[in-house]
Amino acid sequence: MVIYFDNAATSYPKPPRVLQTMADFLQRCSANPGRGGHQMALEAGRMVLEVRDQICRFIGAGKPEEIIFTSSATEALNLALLGGLRPGDHLVITSMEHNAVARAAYYLKRTGVELGVVEADQWGMITPEDVARAIKKNTRMVAILHASNVTGGIMPIVEIGRMCRKAGIRFLVDASQTAGVVPVNVLQAEADMLAFPGHKGLYGPPGVGVLYLGPGIELEPRKYGGTGSQSENLEMPNIIPDRYEAGTLNTVGIAGLGAGIEFVRETGLEKIAAHERELTRHLMEEIEAISRINIYGPPDPEDRVGVVSFNIEGIDSSDVGLILDQVYGIAVRTGLHCAPLAHKTLGTLEQGLVRVSFSIFNTHEEVDQLISALYEIIREY
Ligand SMILES: Cc1ncc(COP(=O)(O)O)c(C=O)c1O
């Protein structure tokens with residue numbers, strides 16, 4: 001049996017109810033919602049609406065229409081960034097962003113959008129004051145991740161959101177590493193837009209992402225096509241969410257995401273967070289005593305989601321990952337984690353990092369096996 005510590009990439013295993021719900025949906029009514037008036041299409045449409053409503057309540061949004069389904073967090077973030085900025089606008093991101101934001105931002109820079117990158121501190125953390133210093137007269141949007149996928153560090157999004165709201169700047173939150181682990185409330189964070197995938201902390205399948213689009217926020221669509229509504233119109237309809245959801249939705253994935261969210265709700269966010277924090281604390285306490293291991297990110301586990309990234313002096317991170325996988329059957333993620341700006345900030349662009357990331361299904365004993373494996377690797381290499 002593999003010990004799976006790569007939940008920040010995608011969670012595994014999925015709860016049995018997610019598999020069951022997806023199989024049931026495919027077998028029973030996998031018709032195209034919004035594309036027909038027959039019973040099966042209507043039932044598929046009802047399921048999509050129910051999950052939209054479920055997500056709306058889960059993140060404290062006002063109306064289900066504010067929930068846009070995409071194929072991934074990347075697509076949701078691209079829609080928010082590329083659909084919401086014009087040449088001459090100033091965009092602020094941080095040096096901890098995933099490439100889903102960073103690459104979109106650097107593309108926008110080539111089209112005439114001004115780009116400011118706020119540098120994180122040595123722990124990979126950003127303060128509201130850092131963001132405030134980057135704001136200019138033409139700042140149109142601030143985009144920041146809620147927690148880093150490299151260090152796990154949780155960013156002060158409520159304070160940053162308050163500041164953006166006061167200044168009339170759109171605030172985009174990348175909640176890819178927090179949805180399902182840390183309470184995410186769009187009203188409390190004063191987020192105008194918030195993106196997340198279904199396949200990480202929400203235990204859904206890959207292939208579904210979400211963009212929350214706050215009241216009054218209009219974007220240029222990034223996809224054009226059929227919506228099943230206003231089909232006579234050769235422009236995309238103005239009604240949301242249809243305006244941003246061209247093409248057949250991933251209904252089976254949405255059904256699975258609904259079951260994943262239900263699993264999180266029934267298990268309890270607090271319980272999940274406490275469990276992952278306990279594993280994080282245990283691993284950090286045990287390995288920080290090992291002389292050749294350096295841990296990156298905020299020193300206090302309370303400031304993190306369930307992510308611990310480290311290096312062993314003298315061994316490339318990818319070699320450590322390979323040995324853990326092939327000799328010990330332990331799956332971790334190594335390298336740059338699609339976040340080169342973050343690795344530049346932490347000084348790990350050359351060596352990369354070994355990232356361990358937890359889910360509710362990991363156990364204390366599994367962490368102990370990892371710790372023993374690390375002792376052996378250090379002894380032998
Ligand atoms: C912080 C962050 N943002 C965005 C993404 C992109 O998510 P997806 O690959 O589901 O589009 C990830 C995925 O690892 C992430 O960790």
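**Exercise 1. Find which residues of α3 meet which residues of α4, then describe how the two helices pack.**

*Solution.* Start with the contact list: A73, T74, L77, N78, L81 and L82 in α3 meet A100, V101, A104, A105 and L108 in α4. Contact here requires C-beta atoms, placed from the backbone, within 7 Å. Helices (H or I, at least four residues) and strands (E, at least two) are DSSP runs, numbered from the N terminus.

A word on the model before going on. It is predicted, so local features need pLDDT of at least 70 and side-chain atom pairs count only at pLDDT 80 or more, while totals for chains, interfaces and linings use all residues. Residues are numbered from 1 along each chain as its sequence is written.

Ala, Val, Leu, Ile, Met, Phe, Trp, Tyr, Cys and Pro count as nonpolar, Asp, Glu, Lys and Arg as charged, and the others, Gly among them, as polar.

Now the geometry. The axes of α3 (residues 73–82) and α4 (residues 99–110) come within 9 Å and cross at roughly 30°. Axes are lines fitted to C-alpha atoms, for helices over the stretch in contact, and angles run from 0 to 180 degrees between N-to-C directions. That makes α3 roughly parallel to α4, a label for angles under 35 degrees. The crossing is right-handed, meaning that the near helix is turned clockwise from the far one by less than a right angle.

**Exercise 2. Work out the strand order of the open sheet with 7 strands, and explain why one side of β2 and of β4 is left without a neighbour.**

*Solution.* Read off the order first: β2-β8-β7-β6-β5-β3-β4, with mixed pairing. Two strands pair if DSSP finds at least two bridges between them. Then look at the ends: β2 (67–70) and β4 (114–118) stand at the edges with a single partner strand each, so one side of each has no neighbour in the sheet. Neighbouring strands are turned by 20° against each other on average, direction ignored.

Finally, zoom in on β2. It runs antiparallel to β8 (residues 209–213), joined by 4 bridges, and F69 stands opposite V210 in β8.

**Exercise 3. Describe the residues that surround the ligand.**

*Solution.* Count first: the shell has 13 residues, and the closest are S72, T74, N149, S176 and P197. The cut-off is a C-beta atom, placed from the backbone, within 6 Å. Then classify: the shell divides into 5 nonpolar, 7 polar and 1 charged.

Conventions
Parallel < 35°, antiparallel > 145°, perpendicular 65-115°, else oblique.
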